Amino acid sequence: MTNPKNNKVNFLISVIFLSIAACAPMIGPYSPTAYQNATSLKAETLALMDRATLPYPENEQRVQELMVKIDAAYEYVNGIPSNSISAQQWMLLKNPDGNLLGKFFLRWKEKGVLSPEYISEFKSLISKAYDEIICLEANKKNAADCNK
């Protein structure tokens with residue numbers, strides 16, 4: 001038979017725990033390094049995407065080097081406490097099974113070369129994805145409208 005007094009104590013402990021958890025920040029602090037990573041990798045990524053009219057094997061080393069940098073940027077934001085939203089954005093960007101950069105590089109590898117129209121369409125998507133990452137990081141410092 002359960003003791004009603006123990007149930008009350010357990011309930012109060014649960015309420016206290018949930019109250020403390022509710023006070024935890026929803027997102028990590030602003031990081032100048034994360035912001036720098038996002039802005040520089042955006043420029044580097046878009047420049048590399050322009051090369052997709054050339055054969056993939058000629059650019060494979062560049063793609064691999066860029067993906068290592070993107071993985072490092074992800075690992076950096078993922079290591080900041082309470083920063084899962086930022087980390088998820090990087091995961092979406094790089095996921096080869098997704099619809100952003102991972103898919104673009106996979107398609108380039110499969111097809112060998114890509115059409116300028118395809119590149120342009122994907123550059124717009126990738127640029128917007130980076131803008132979301134950059135905007136989130138900037139808003140950790142100062143609230144700003146990123147849809148200018």
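A salt bridge is a side-chain nitrogen of Lys or Arg within 4 Å of a carboxyl oxygen of Asp or Glu, and by this rule the count comes to five in this chain. This is a predicted model, in which local features need pLDDT of at least 70 and side-chain atom pairs count only at pLDDT 80 or more, while totals for chains, interfaces and linings use all residues. Residues are numbered from 1 along each chain as its sequence is written, and side-chain values use heavy atoms, with hydrogens and water left out.

**View 1. Asp131 and Lys42 meet in a salt bridge.** The N to O distance between the two side chains is 2.5 Å. Asp131 lies in helix α6 (residues 116-141) and Lys42 in helix α2 (residues 32-50), so the pair ties together parts 89 residues apart in sequence; helices are DSSP runs of H or I with at least four residues, numbered from the N terminus. Lys42 counts as buried at 18% relative accessibility, whereas Asp131, at 33%, is partly exposed; buried means under 20% relative accessible area, exposed over 50%, and partly exposed in between, with a 1.4 Å probe and protein chains only.

**View 2. Lys69 forms a salt bridge with Glu44.** The closest N and O atoms are 2.9 Å apart. Because Lys69 lies in helix α3 (residues 56-78) and Glu44 in helix α2, the pair ties together parts 25 residues apart in sequence.

**View 3. Lys123 forms a salt bridge with Asp50.** Here the closest N and O atoms are 2.7 Å apart, and the pair links distant parts of the chain, with Lys123 in helix α6 and Asp50 in helix α2, 73 residues apart.

Notes
Helix = DSSP H or I, 4+ residues; strand = E, 2+ residues; numbered from the N terminus.
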